[in-house]
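Have the structure open while reading.

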There are 2 protein chains.
Amino acid sequence: MVKDQATEDLIKEKAKSLFFQKGFLDATTQEIADEAKVNRALIHYYFRSREQLMDVILEEVVSRKRERVLAIFTSDLTFREKIAVYIDAIVDQGLRFPYLENFIISETARSPKRVDMLCSPGKTKTADLIREDLAAEIKKGKLRPISAEHFMVNLSSMCNYPLLAKSILKSIHGMTDQTYRKFLQDRKQIIYRAIFQEEMPEVELTPELKSILTW
Amino acid sequence: MVKDQATEDLIKEKAKSLFFQKGFLDATTQEIADEAKVNRALIHYYFRSREQLMDVILEEVVSRKRERVLAIFTSDLTFREKIAVYIDAIVDQGLRFPYLENFIISETARSPKRVDMLCSPGKTKTADLIREDLAAEIKKGKLRPISAEHFMVNLSSMCNYPLLAKSILKSIHGMTDQTYRKFLQDRKQIIYRAIFQEEMPEVELTPELKSILTW
DNA sequence: GGCGTGTTTAACAATTTTGTTAAACAAAAA
DNA sequence: TTTTTGTTTAACAAAATTGTTAAACACGCC
């Protein structure tokens, strides 16, 4: 008999749901087991320890995200279309998994080991993916000079921070979940304008790109 | 005999140091006691429970931050000078207390109770502080139209996110602590330019403002 | 059916962590 | 000096949490 992949996946899925959707970033093995309706010892049977379960999940979710970003930036869209799609993808993901980014930030802040796992030297850097496109834009005078690193940090900051600070934002501005979603949707335009000082284009996705971005 | 304020403060200071500077966001009461070189029970004597110690610290640090922001935005600097000073203050604070923002984000994500404590209805919203200035700038055609809320979110995102994602950024770009500090210093200019498309002005602080911002 | 392999469970052990309490202690007040 | 009040400590209790293990179980295969 082979390891029951279904059960293993179930545990992983339920753990993710607790971490990313319900926001129980410090969920115990018991809570995870309850959620998956299995015995707690099963978690140790499949993943050895809580720590390793975290490793697997973090690794999986980050590499998926990397794939998606890679797909966007290696597509044959124009530079500005790529950025528009990137913003759209990141914000949508944040709406669907409200605590994913919090999880990544907390875990990487907690243990440096985790960071190394995610950012090993071989991995492609987003900044490298846009460097040429960016330089071309700047040369054409369509963008103020800026390094690829700072450009990416500006971009991902404006996409991710409002997701991280969700509860604070909601409270300060007295938003409901409804209005918060609306606010984030609006931000897509806002972010694009902050970067390019012009309106965000409508982008027609290729079926291939669409399939990678959908989940 | 009065409660020994010195001891109480010592515990608070050492806890903050663990949380904000050393990054032990989940430090136990024992670790805090060790750091302050006092018996663990003292923490309960002064703060009743770990939870309440957190409350006190979070409340204190956020209200201090609020004071500083308020001082900046109610000063008689020009709008653009205010923004320049704000960027400078937030980034410098992030360099001095690398985990403060992580602490705020984790704690507010963990328990909604904490959020309410920080953002009670009476509190001044930053967005309200800049609304008029912002409208004036826009009317003069010196800035593209944008709501005060989105403007502030853009601004604080670009200031805070690189602090939250410190370990990730360092790892991806192979930065040392040295180069990371440099990167953040450079960002001050970058952020200002991203917002106003022009160089950041040198600002002469009034002694009063300076004293509030220094700590 | 019986055997063997892999899965699942219940029970247990060990550790960590928080919170309480009673007693020791220090210093000011009577 | 004795009392009183507040501070500090050591020891204890309780709860939560992780990890282990041995036994029960399910299922394919001989």
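This is a predicted model: local features need pLDDT of at least 70, side-chain atom pairs count only at pLDDT 80 or more; totals for chains, interfaces and linings use all residues.

Residues are numbered from 1 along each chain as its sequence is written, while chains are lettered from A and ligands numbered from 1 in the order in which they are written.

**Chain A overall**
- Chain A has 12 helices and zero strands; helices (H or I, at least four residues) and strands (E, at least two) are DSSP runs, numbered from the N terminus.
- The C-alpha trace of chain A spans about 60 × 45 × 35 Å along its principal axes.
- Of its 215 residues, 35% count as buried, meaning that 20 or more other C-beta atoms, placed from the backbone, lie within 10 Å of the residue's own.

**Helix α9(A)**
- Helix α9 of chain A covers residues 148-164, which is 17 residues.
- 16 of the 17 residues of α9(A) are buried, so this helix is largely enclosed by the rest of the structure.

**α9(A) and α5(A)**
- The axes of α9(A) and helix α5 (residues 79-96) of chain A come within 9 Å and cross at roughly 15°; axes are lines fitted to C-alpha atoms, for helices over the stretch in contact, and angles run from 0 to 180 degrees between N-to-C directions.
- The two helices α5(A) and α9(A) are therefore roughly parallel to each other, a term for angles under 35 degrees.
- Residues of α5(A) including A:Ile83 and A:Gly94 meet residues of α9(A), among them A:Leu155 and A:Leu163; contact requires C-beta atoms, placed from the backbone, within 7 Å.

Technical notes
The expected span of a helix is 1.5 Å times one less than its number of residues. A residue is buried if 20 or more other C-beta atoms lie within 10 Å of its own, exposed if 12 or fewer, and partly exposed in between; C-beta atoms are placed from the backbone. Angles under 35 degrees count as roughly parallel, over 145 as roughly antiparallel, 65 to 115 as roughly perpendicular and the rest as oblique. Two residues are in contact if their C-beta atoms, placed from the backbone, lie within 7 Å.
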